[in-house]
Amino acid sequence: TGASNLLHRLRTNRMPWSVNRIAIEAGLYLLEHDIDNFPDIAAYLQETARLHTALENIGGLEVWDTATHFMLIQLRSGKASALKDYLAEAHGILIRDASNFDGLDERFFRIATQTPEENDRLVKAIEQWFAEE
């Protein structure tokens, strides 16, 4: 709680996506140790771009541009909570309902790039949800 003008100033000057301590420690560990089989970041980001295009091609979604493997997606109709429930129950796929993120509404969800096969499963499952809606 606090004065609304002070809270507004704090919100506009903070990092929009903070990283928790466990993630920081994991990153430091990776930087300090020679890790075999380190992920191919370029290939991972290429897969992210492919997934981004595949999701846009479904229609009914606005896929926000990203420079990471996380994607914020907005449904043009329907609720992210309904999509989340459908994907979990019918396909065993989890997405992050982002409706409780500051500034977003019930149409937003977030995903992270996975393997090409898992990403294809996600795209097909979302297509099926739209077809059944």
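A helix here is a DSSP run of H or I with at least four residues, and helices are numbered from the N terminus. Keep that in mind, and remember that this is a predicted model.

**Stop 1: a residue in a helix**

Select N119. This residue is found in helix α5. Is N119 buried or exposed? Its relative accessibility is 1%, so N119 counts as buried; the cut-off for buried is under 20%.

Now show what surrounds N119. Skip its neighbours within four places in sequence. N119 is then in contact with E47, R50, L51, A112, T113 and Q114.

**Stop 2: two helices**

Select residues 41–58, helix α3, and residues 116–132, helix α5. They pack at an angle of about 10°, and their axes are 10 Å apart. That angle makes α3 roughly parallel to α5, because angles under 35 degrees count that way. The crossing of α3 past α5 is right-handed.

Next, show the side chains at the contact. From α3, pick E47, R50, L51, A54, L55 and I58. From α5, pick P116, N119, D120, V123, I126, E127 and F130. Colour them by type: 8 are nonpolar, 1 is polar and 4 are charged.

**Stop 3: the strands**

Move to strand β4, residues 108–112. Which strand is joined to β4 by 5 bridges? Strand β2, residues 70–75, is, and the two run antiparallel.

Finish with strand β3, residues 96–97. β3 pairs with β4 over 2 bridges, in the antiparallel sense. Select R96, then R110, its bridge partner in β4.

Technical notes
Residues are numbered from 1 along each chain as its sequence is written. This is a predicted model: local features need pLDDT of at least 70, side-chain atom pairs count only at pLDDT 80 or more; totals for chains, interfaces and linings use all residues. Side-chain values use heavy atoms; hydrogens and water are left out. Axes are lines fitted to C-alpha atoms, for helices over the stretch in contact, and angles run from 0 to 180 degrees between N-to-C directions. Angles under 35 degrees count as roughly parallel, over 145 as roughly antiparallel, 65 to 115 as roughly perpendicular and the rest as oblique. A crossing is left-handed if the near helix is turned anticlockwise from the far one by less than a right angle, and right-handed if clockwise. Contact means heavy atoms within 4.5 Å. Ala, Val, Leu, Ile, Met, Phe, Trp, Tyr, Cys and Pro count as nonpolar, Asp, Glu, Lys and Arg as charged, and the others, Gly among them, as polar. Two strands pair if DSSP finds at least two bridges between them. Buried means under 20% relative accessible area, exposed over 50%, partly exposed in between (1.4 Å probe, protein chains only).
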